[in-house]
Amino acid sequence: MSQTSLADYRAALTTPGATRPMVASILARLPIAMIGLSALLYVQQEMGSFAVAGLVSASSLVGVAVGSVVQGRLIDRFGPTRPLLSTAAMFAVILVTLALAIEAHAATLVLVALAFGIGITEPMVGSASRALWGRLVPAEAARNAAYAYEAISMEVFFILGPGLAGLLVAAPWPGTGMVAGGACMVAGAVLFALSPAVRAWGPAGRTHHSLLGALSSPGMRTLALAALGFGVVIGFVEVAVPAAATEAGSPALGGVLLSVWSVSSVAFGVAYSLRPWPREMPLRLPVLLAGFGVLVALLAWPSTLWGLAIAMLAAGALITPQSATHSAAIELVAPKGTAAEAFGWVLTAVTLGLAFGQSVSGYLVEHAGPSAAFLAATASALVIAAVVYLLRGTVKAPREHVLAA
């Protein structure tokens, strides 16, 4: 893959037909890291239980993991407009129902079921947006810039989302953040689905008929494994860092520290896209994951929160490069006509990795301290990176691509 220049970013973002869906996707994805946290804080304030709030948040996460793949396959088959409009409508109804159920202090099982419904119907504008760039931008370098933009913008949303959730939970009604975020997401999804470039993307004339869909490609399975490892490492850190802040007597700084590595991720992500390394995609996947794990090991060393913040800046440098690499690798390994579903599998793999990392990290933090969790994250990354390296030969165009060439 060729390196990306600033001119490639300009060429991608000014492509005819790209402006309206790009702006709409920003609106739809801005609250992506806000709704789940807002729901958790809302439930905790109304029900008075972090345990119930945690179950609601986890159920929503599982729903997103399932919905990303299902919606991706529907988008590939029918185009984005109908699936996004349908899921946006269902999402809005379920979100309002969840708010009413929280106000009524409904049974935990009801709240968990509704949260799963929110997750599975959350409009997957990210998958559609990523796939749309492949249709709008023909040049490889400009297309890579578009994929890097997607990864960088997502990091920005993950920086802003938790902050907005924290601000809005202090509003007179604690459900403001959840409902406002949901309204923003629905409006963005509808505008994206109805933009001319998206509506021109009609049903696929030839679809991939394998039951496994995108995962029928060995390279796609290897990519999903790399994404899983990426999620595992982040899951470990997302629990261990707030625990370290609490241990140091400043629990409020936990969220601030997590934002620190997102800032360095965005800054380094742009620089990395200008000169990616390693050049070969089969090597890039394991090398970036292993490097990420090694940098996370630095978090176990500092004895002060200032030291931890500096280590977080270093560790965050390889977040966006991995996200952008995962997105670019789809172009190489996904079977024809499965781009949106393939991106859905990457999201699912990252989500499952997050859930695993968070659960194991919680146990380690409680029994051995945050440093043990950071080192376990490093070990996990190195083991998974080694497996991805052994499977590097699968990271190539599927057989059907080779035959069609």
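Predicted model: local features only at pLDDT ≥ 70, side-chain atom pairs only at ≥ 80, totals over all residues.
Let's start with the overall layout. The protein splits into domain 1, which is 1-6 plus 17-202, and domain 2, which is 214-399. Their C-alpha centres sit 21 Å apart.

Now, how many residues meet between the two? On the domain 1 side 28 residues are in contact, and on the domain 2 side 32.

Which elements of domain 1 do the touching? Those that give two or more residues are α4 (50-78), α7 (125-136) and α8 (140-168). Of these, α8 has the largest share, with 9 residues. If you sort that side of domain 1 by residue type, you get 14 nonpolar, 9 polar and 5 charged.

Let's go on to the salt bridges. The whole structure has 4 of them, and the count between domain 1 and domain 2 is 3.

Have a look at Glu331. Arg143 makes a salt bridge with Glu331, with the closest N and O atoms 2.4 Å apart. Arg130 makes one with Glu331 as well, at 3.5 Å between the closest N and O atoms. Buried or exposed, then, for Arg130? Arg130 counts as buried, because its relative accessibility is 1%, under the 20% cut-off. Glu331, on the other hand, is partly exposed at 34%.

Next up is Arg73 with Glu341, where the closest N and O atoms are 2.9 Å apart. Again the partners come from distant parts of the chain, Arg73 from helix α4 and Glu341 from helix α16 (residues 339-368), 268 residues apart. Arg73 is partly exposed, with a relative accessible area of 33%, whereas Glu341 is buried at 2%.

Then there's Arg29 and Glu150, whose side chains meet in a salt bridge at 3.2 Å, N to O. Arg29 lies in helix α2 (residues 19-29) and Glu150 in helix α8, so the pair ties together parts that are 121 residues apart in sequence. Both of these residues, Arg29 and Glu150, are buried.

Two single residues before I stop. Ser265 is in helix α12 (residues 253-274), and Ser265 is buried, with a relative accessible area of 0%. What does the Ser265 side chain make a polar contact with? The side chain of Thr320, at 2.5 Å. Leaving aside neighbours within four places in sequence, Ser265 is in contact with Glu155, Gly316, Ile319 and Thr320.

And finally Gly202, in the loop between α10 (196-199) and α11 (218-247). Gly202 is partly exposed at 29% relative accessible area. Beyond neighbours within four places in sequence, Gly202 is in contact with Phe78 and Gly79. Compare Leu225: 23 residues from Gly202 in sequence, and 31 Å in space, C-alpha to C-alpha.

Methods
Residues numbered from 1 in each chain as written. Heavy atoms only, no water. Domains from an automatic or database assignment. Contact = heavy atoms within 4.5 Å. Helix = DSSP H or I, 4+ residues; strand = E, 2+ residues; numbered from the N terminus. Nonpolar A, V, L, I, M, F, W, Y, C, P; charged D, E, K, R; others polar. Buried < 20%, exposed > 50% of the residue type's maximum accessible area, 1.4 Å probe, protein only. Polar contact = N/O pair within 3.5 Å; in protein donor to acceptor, adjacent residues only side chain to side chain.
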